[in-house]
Amino acid sequence: MANQLLEVEGLAKHFRGGGNWLSSGGDSIRAVDGVSFSVEEGETFALVGESGCGKTTVAKMILLLEQPTRGTISFQGKDVSSFRGSGLREYKRLVQAVFQDPYSSLNPRMQVMDIIGEPLRVHQGLRGRDLRMRVGELLENVGLNPVTAAFFPHQFSGGQRQRIAIARALALRPRLIVLDEPVSGLDVSIRAQILNLLVDLQRDLGLSYLLISHDLAIVEHMSHRVGVMYVGKMVELATRDEFYGNTLHPYSNALLASVPQPDPDVPMGTTIGGEVASPINPPSGCRFHTRCPIYLETNMCREVEPEWRGNLS
Amino acid sequence: MANTSMQIASPTAVWAVRARSVLGGLRRAPKIPSLVLLVFMIFAAFGQWIAPYSPVAVDMAASFSPPVWHEEGSADHLLGTDKLGRDILSRLIIGARVSLSLSLFVIGLGGGVGVVLGLISGYSGGKVDAVMQRGIEVILAMPTILVALVFVFAVGRSFESVILILSPFLAARFARIVRGETLSVRERDFVAIAKVIGTPTWMILLKHILPNVFNTVIVLATLEVGHLILLESSLSFLGVGVPPPQPAWGLMVADGREFLTSAYWITLFPGLCILAAVLSLNLFGDWLRDTLDPRRRQL
């Protein structure tokens with residue numbers, strides 16, 4: 001496989017159930033339970049799934065905000081958990097993030113200058129004139145006027161705030177940017193602008209994206225490969241064209257069918273019934289089998305997970 | 001391209017906005033409270049040159065002389081005298097120093113320590129937090145006055161010992177509240193992003209958490225000043241406050257209470273000073289909070 005940047009192998013995160021030193025905790029919550037995928041140089045890998053399927057927890061582990069319970073994350077072939085000192089600094093320089101809510105991701109007490117300047121100060125020790133020049137440049141890169149460096153976040157719209165967040169993520173010339181629902185918090189009318197900005201930046205700077213989203217239209221627009229998660233497990237991994245052309249897993253089918261069509265005459269696809277399985281006590285075998293139309297007919301997958309098939313790697 | 005960015009993101013832009021907002025903020029400062037505080041601060045700093053008499057000069061012949069607007073009052077003592085014939089006005093002017101500097105020192109020392117402890121406790125969480133919070137609960141559970149009594153009897157009555165014994169109580173209050181605020185601020189995304197960037201923890205605390213909990217700190221500090229002046233007067237009343245010949249407002253109120261019906265002025269004027277100081281500080285604190293919040297000030 002060409003130039004793997006990030007490789008995730010059997011990643012799992014189990015949160016300890018409620019309980020304190022008086023009562024033993026309940027069952028642990030298996031938010032992520034053995035997920036493997038890779039992100040290659042210059043590509044966008046999309047992680048999709050409904051709320052609570054564990055995709056944001058995967059992102060947090062990659063960003064070192066959560067400690068994995070099991071599994072490894074390798075970056076440029078090296079195990080991330082072994083990074084110390086300068087290696088860790090380098091990882092934190094090369095991997096950046098843009099979060100969903102641009103109102104929460106910018107410190108309301110800081111001027112844009114200091115928000116975008118923070119990574120530059122921390123990593124490169126830029127000060128004074130150099131810092132201002134670089135911040136001005138970054139603002140221009142994301143389509144904002146450099147004069148806005150003096151403003152505070154509340155003086156911007158949601159879309160502009162997200163541009164500032166992107167400029168901050170770009171500041172250190174990273175290789176990988178984790179985009180956690182980058183446009184879900186924005187008005188529909190400006191989503192396209194931000195997405196196109198991200199695509200342009202990827203093309204110009206050769207960035208890799210890990211895109212986390214529940215919006216399949218955005219995923220189709222942005223991504224090269226798609227991974228589908230359901231209750232902490234990856235159920236399908238495909239290139240974008242395969243995924244949108246010929247989905248293999250019934251859950252992916254159901255996801256695609258649930259995308260609303262803009263034409264009222266087109267009937268909604270067949271939706272699935274039932275509730276999302278609980279990550280505290282997930283079903284045996286394929287976690288989707290409790291809701292699966294194929295299972296109803298064939299009774300497959302109750303005891304064992306279906307084998308990975310396909311032509312990906 | 002590079003040229004425009006150099007011009008536009010020049011230092012003048014960023015600093016001009018900062019300077020303009022400071023000036024704009026100053027212009028909106030509340031006039032009367034600022035004036036009251038300024039006068040008290042001048043009294044505190046230069047009192048000995050402003051006061052017409054020595055605050056401890058006893059003049060038994062002039063004892064209980066009423067303020068100037070009474071028939072028996074004289075222009076010698078504008079606000080009258082107490083039972084030892086000491087000039088009330090002079091005592092108020094000199095007393096501003098003790099009352100204000102006591103609050104200032106206790107807020108500075110106790111509040112400062114409390115903010116630091118609260119930030120650490122709230123940000124680190126887990127065992128560190130649990131241990132610190134139990135410690136704070138122990139302090140908050142202690143009766144302030146009783147502990148102060150024991151402490152002052154043990155180490156001796158002085159200005160410093162009053163500061164030393166009141167500071168831990170104040171620190172505990174600050175730490176408790178700052179910790180709560182920190183718990184909510186540390187969950188915001190900009191803190192997560194700072195961690196992703198690799199910003200050192202001390203810098204996260206200083207630049208991201210502290211500025212966002214500062215509102216609460218200011219409001220609490222202005223409220224506590226009033227509390228402290230009153231606490232100092234309670235301690236004086238019990239005989240463990242600032243030692244007597246030195247005038248302090250709380251002490252003066254305590255002194256006058258025996259003569260409340262016959263010589264109200266001994267109690268009234270220091271009481272009014274406490275009221276004015278507390279009220280002004282609260283209004284001033286409101287303004288400070290609004291000025292420091294970029295969302296509330298106009299550019």
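**Exercise 1. The fold of chain B**

Read along the sequence, which pattern does chain B follow? Work out how the chain is built.

*Solution.* A word on the model comes before the steps. This is a predicted model, in which local features need pLDDT of at least 70 and side-chain atom pairs count only at pLDDT 80 or more, while totals for chains, interfaces and linings use all residues. Residues are numbered from 1 along each chain as its sequence is written, chains are lettered from A and ligands numbered from 1 in the order in which they are written, and side-chain values use heavy atoms, with hydrogens and water left out.

Step 1. Chain B follows the pattern α-α-α-α-α-α-α-α-α-α-α. In numbers, that is 11 helices and zero strands. Helices (H or I, at least four residues) and strands (E, at least two) are DSSP runs, numbered from the N terminus.

Step 2. Look at the extent of the chain: the C-alpha trace of chain B spans about 80 × 50 × 25 Å along its principal axes.

Step 3. Now turn to burial. Chain B has 299 residues, and 48% of them count as buried. Buried means under 20% relative accessible area, exposed over 50%, and partly exposed in between (1.4 Å probe, protein chains only).

Step 4. Finish with the contacts, where contact means heavy atoms within 4.5 Å. Among contacts in chain B with a separation of 6 or more, 71% come from residues 24 or more positions apart.

**Exercise 2. Where the two chains meet**

Describe the interface of chain B and chain A, starting with its size and ending with its residues.

*Solution.* 

Step 1. Count the residues: 36 residues of chain B are in contact with 37 residues of chain A.

Step 2. Find the area. The size of an interface is often given as the accessible area lost when the parts come together. Here the two chains bury about 3,300 Å² between them, 62% of it on carbon and sulfur atoms. Buried area is the accessible area (1.4 Å probe) that two parts lose on being put together, summed over both. B:Ile193, B:Val196 and B:Ile197 supply 20% of the area that chain B buries against chain A, more than any other three residues.

Step 3. Name the elements on the chain B side. Helix 1 (2-8), helix 2 (11-27), helix 8 (189-197) and helix 9 (201-237) of chain B each supply at least two residues. Helix 8 of chain B gives the largest share, eight residues.

Step 4. Sort the residues on that side: 20 are nonpolar, eight polar and eight charged. Ala, Val, Leu, Ile, Met, Phe, Trp, Tyr, Cys and Pro count as nonpolar, Asp, Glu, Lys and Arg as charged, and the others, Gly among them, as polar.

**Exercise 3. Salt bridges within the chains**

*Solution.* 

Step 1. Over all chains, the structure has 23 salt bridges.

Step 2. One of them joins the side chains of A:Arg30 and A:Asp33 (3.5 Å, N to O). A:Arg30 is partly exposed at 32% relative accessibility, whereas A:Asp33 is buried at 6%. A:Arg30, A:Asp33 and A:Arg70 are linked in a network of salt bridges.

Step 3. Another joins A:Glu90 and A:Arg93 (3.3 Å, N to O). Both residues lie in helix 2 (residues 85-94) of chain A, three residues apart, about one turn of the helix.

**Exercise 4. A buried helix and an aromatic pair**

*Solution.* 

Step 1. Six of the eight residues of helix 9 (residues 250-257) of chain A are buried, so this helix is largely enclosed by the rest of the structure. Among the buried residues are A:Tyr251 and A:Leu255.

Step 2. A:Phe243 and A:Tyr244 form an edge-to-face pair, 5.1 Å centre to centre with 85° between the planes. Rings of Phe, Tyr and Trp (its six-membered ring) pair if their centres lie within 6.5 Å; planes under 30 degrees apart count as stacked, over 60 as edge-to-face and the rest as tilted.

Step 3. Compare accessibility: A:Phe243 is buried at 0%, and A:Tyr244 is partly exposed at 21%.

Note on methods. Salt bridge = Lys/Arg side-chain N within 4 Å of Asp/Glu carboxyl O.
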